[in-house]
Amino acid sequence: MMPYFKHPVDYPVNDLLSDMDKLFDAVDAIQIFRLLGGETFLYKDLNPLIEKALSSPKVKTVEVVSNGTIIPPQSTLELMKNPRLIFQISHYGKYSRHAEEIKALCDKMGVKCVVRYPDDKTWSYFGDLHFRGRSEKELRHQLKNCASICRNFLDGRLYFCPRASFGSKLGMPDSPNDFVDVRAESDRKILRRKIFELNQKRYIAACNYCDEGTGEVKSVPVAEQM
Ligand code: SF4
């Protein structure tokens with residue numbers, strides 16, 4: 001959905017760092033904490049976020065994702081040498097103009113770098129953001145078949161899935177059922193309970209604005225978003 005953002009914003013780093021502290025404190029473990037953009041290296045305060053994620057023993061793996069358009073600064077490459085970090089380059093063909101150079105740099109410096117080439121697989125198009133009018137039974141069935149398993153932490157809110165978070169910024173109704181407001185919750189116990197409950201959802205409001213899990217999802221070539 002990134003290309004649909006007309007007015008992208010950079011959130012203040014101190015807000016993000018304190019959000020991360022609260023989230024890490026509230027949960028038992030995070031298997032993968034993935035930092036991504038838009039293009040991740042456009043964010044000028046990325047290093048403190050990487051350091052924060054690596055500093056928590058609860059985070060098992062940190063991933064940083066880039067589209068290979070920006071060569072990371074030396075200080076970021078140094079941080080990314082950490083054995084708990086995997087650097088992923090999503091290769092968008094000719095648009096990822098520095099991908100090979102970055103990969104060579106990573107190999108030289110001992111950064112674990114994985115390049116995902118466009119011919120690796122296809123992407124799925126979940127459809128536009130109109131309301132589908134599905135019944136509760138249909139929504140439950142849809143979520144059972146949904147392959148989107150990542151939570152999305154955006155602007156202090158932990159959303160059930162990326163579609164729910166980015167959709168809410170692009171005009172889809174922002175349902176309190178679909179996220180936990182980590183930034184607003186001051187009680188750790190309540191925060192833990194709310195995160196637990198989020199993980200138990202059988203469907204969310206955003207599913208009614210999405211085709212994933214319905215068998216009607218179109219495959220589209222990687223790197224051709226619009
Ligand atoms: S909105 Fe529902 S069906 Fe769509 S990706 Fe999110 S959880 Fe899956």
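This is a predicted model: local features need pLDDT of at least 70, side-chain atom pairs count only at pLDDT 80 or more; totals for chains, interfaces and linings use all residues.
Where does the domain assignment place domain 1 and domain 2? Domain 1 covers 1-120 and domain 2 covers 122-226 of the protein chain. Taken over C-alpha atoms, the centres of domain 1 and domain 2 sit 22 Å apart.

## The parallel sheet

Let's start with the four-stranded sheet. It's an open one, with strand order β1-β2-β3-β4 and parallel pairing. The edges belong to β1 (30-35) and β4 (113-116); each has a single partner strand, so one side of each has no neighbour in the sheet. On average, and ignoring direction, neighbouring strands here are turned by 25° against each other.

Now for the pairing at the β1 end. β1 and strand β2 (residues 59-66) run parallel and are joined by five bridges. Arginine 34 has glutamate 63 of β2 standing opposite. Over at β3 (85-90) and β4, helix α4 (residues 99-109) lies across the two strands, and α4 runs at about 160° to β4.

## Helices α1 and α7

Helix α1 (residues 13-26) packs against helix α7 (residues 188-199) at an angle of about 75°, and their axes are 9 Å apart. That angle is why α1 counts as roughly perpendicular to α7.

Which residues make the contact between α1 and α7? From α1 come Lys22, Asp25 and Ala26, while α7 brings in Arg188, Leu191, Arg192 and Ile195. Sorted by class, this contact of α1 with α7 has three nonpolar and four charged residues, with no polar ones.

## The antiparallel sheet

There's also an open sheet of three strands, ordered β6-β7-β8 and paired antiparallel. Its edge strands are β6 (152-154) and β8 (179-181), each pairing on one side only. From one strand to the next, the twist averages 20°.

β6 pairs with strand β7 (residues 157-159) over three bridges, in the antiparallel sense. Leucine 154 has arginine 157 in β7 as its bridge partner.

A couple of backbone spots deserve a look. Most residues other than glycine have a negative phi, and most peptide bonds are trans. Aspartate 155 isn't a glycine, yet it has a positive phi of about 50°. You'll find aspartate 155 in the loop between β6 and β7.

The other spot is a peptide bond. Glycine 37 and glycine 38 are joined by a cis peptide bond, with omega at about 15°. Glycine 38 lies in the loop between β1 and α2 (46-55).

## Around the ligand

Which of the 15 residues around the ligand come nearest? Those are Cys146, Ser148, Cys161, Cys207 and Cys210. As for the elements that give two or more residues to the shell around the ligand, they are α5 (136-144) and α6 (162-169).

By class, the shell around the ligand holds ten nonpolar, three polar and two charged residues.

Terms used:
Residues are numbered from 1 along each chain as its sequence is written. A residue is near a molecule or strand if its C-beta atom, placed from the backbone, lies within 6 Å of it. Ala, Val, Leu, Ile, Met, Phe, Trp, Tyr, Cys and Pro count as nonpolar, Asp, Glu, Lys and Arg as charged, and the others, Gly among them, as polar. Axes are lines fitted to C-alpha atoms, for helices over the stretch in contact, and angles run from 0 to 180 degrees between N-to-C directions. Angles under 35 degrees count as roughly parallel, over 145 as roughly antiparallel, 65 to 115 as roughly perpendicular and the rest as oblique. Two residues are in contact if their C-beta atoms, placed from the backbone, lie within 7 Å. Two strands pair if DSSP finds at least two bridges between them. Domain bounds come from an automatic or database domain assignment.
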